[in-house]
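Dear colleague,

I am handing over the structure that we spoke about, and my notes on it follow below. Please read them with the structure open beside you.

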Amino acid sequence: MKTFLKSTAIATIMALPNMANADWSGFYTGVEIGGIDGAPVGGAFAGAQYQLWAFVAGIEISYDTLLGDTNNGAPSGLDYFSVGYRLGWAFDEVLGYLGVAGSSTDTEDTDLFDIQAVFELGFDYRYTDTLTVGVQYKSNVSILQFSEDDDTSIDGLSLRVAYQF
């Protein structure tokens with residue numbers, strides 16, 4: 001029985017490279033548009049990732065800005081800059097991933113500045129060899145808060161388009 005289990009485990013691991021025919025390794029850059037707590041948001045991102053079998057790991061930087069006021073009172077023009085890592089699993093042309101990042105929030109008003117943890121869940125679809133489209137959910141949770149606002153969490157959903165080179 002142990003031999004059978006070992007053989008099955010080895011066969012499964014050997015089959016992993018065949019599960020992900022698309023290569024998600026490389027550098028990418030793109031734009032996103034979506035909403036955060038009832039306000040439109042737009043931004044840009046860039047990153048690099050490496051694929052080993054179906055497992056994908058990478059790092060990403062992003063910049064987002066609010067294009068309107070949110071339901072919780074955050075003003076238009078609020079900027080988010082984040083740096084973090086992504087871990088995912090490729091299923092051929094689809095990449096599902098989780099990410100964790102650190103983020104800072106700032107405006108021209110010095111009374112609004114927060115340091116946040118950002119948790120991400122997303123799916124990307126490889127439309128062509130170099131073009132991907134995706135959807136991403138982000139939840140920003142304040143770690144160190146210098147603003148007068150008592151809200152400690154901001155959630156958002158965005159559509160993303162990226163060019164991989």
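I begin with the strand pairing: β3 and strand β4 (residues 79–91) run antiparallel to each other and are joined by eleven bridges, where strands count as paired if DSSP finds at least two bridges between them. Within this pair, Thr65 stands opposite Asp79 in β4.

Before going further, please note that this is a predicted model, in which local features need pLDDT of at least 70 and side-chain atom pairs count only at pLDDT 80 or more, while totals for chains, interfaces and linings use all residues. Residues are numbered from 1 along each chain as its sequence is written, and side-chain values use heavy atoms, with hydrogens and water left out.

On its other pairing, β3 (residues 55–66) is joined to strand β2 (residues 39–52) by twelve bridges, again in the antiparallel sense, and Val41 has Leu66 in β3 as its bridge partner. The two strands β2 and β3 form a hairpin with two residues between them, and Trp53 in that turn has a positive phi of about 55°.

Taken as a whole, the chain holds one helix and eight strands (DSSP runs numbered from the N terminus, with helices being H or I of at least four residues and strands E of at least two), and their order along the sequence is α-β-β-β-β-β-β-β-β. Of its 165 residues, 41% count as buried, where buried means under 20% relative accessible area, exposed over 50%, and partly exposed in between, with a 1.4 Å probe and protein chains only. Among contacts between residues at least 6 apart in sequence, 54% join residues at least 24 apart, a contact being heavy atoms within 4.5 Å.

The structure holds three cavities of 30 Å³ or more; a cavity here is a set of points, on a 1 Å grid over the protein atoms alone, where a 1.4 Å probe fits but cannot get out, and lining residues have an atom within 4 Å of a point. Grid points are joined across faces, edges and corners, and a volume is the space filled by probe spheres set on the points.

The largest cavity contains about 170 Å³ of space, and of the 19 residues that line it, Glu32, Ile36, Asp64, Lys138 and Asn140 are the closest to its centre. Two or more lining residues come from each of β1 (26–36), β3, β4, β7 (131–145) and β8 (153–164), with the largest share, five residues, supplied by β8.

For the second largest cavity the volume is about 100 Å³, and its lining is made of 14 residues, of which Tyr28, Arg86, Asp124, Thr132 and Ala162 lie nearest its centre. At least two residues of this lining are supplied by each of β2, β7 and β8, and β8 gives the largest share, five residues.

Finally, one residue deserves a separate note. Glu120 lies in strand β6 (residues 113–126) and counts as buried because its relative accessibility is 8%. Apart from its neighbours within four places in sequence, Glu120 is in contact with Arg86, Tyr97, Leu98, Gly99, Gln136, Tyr137 and Lys138. As for Gly99, its C-alpha is 4.7 Å from that of Glu120, although the two residues are 21 apart in sequence.

With best wishes

Key:
1 Å grid on protein atoms, 1.4 Å probe; cavity = no way out; pocket = protein on both sides within 12 Å on 5 of 7 lines; lining within 4 Å.
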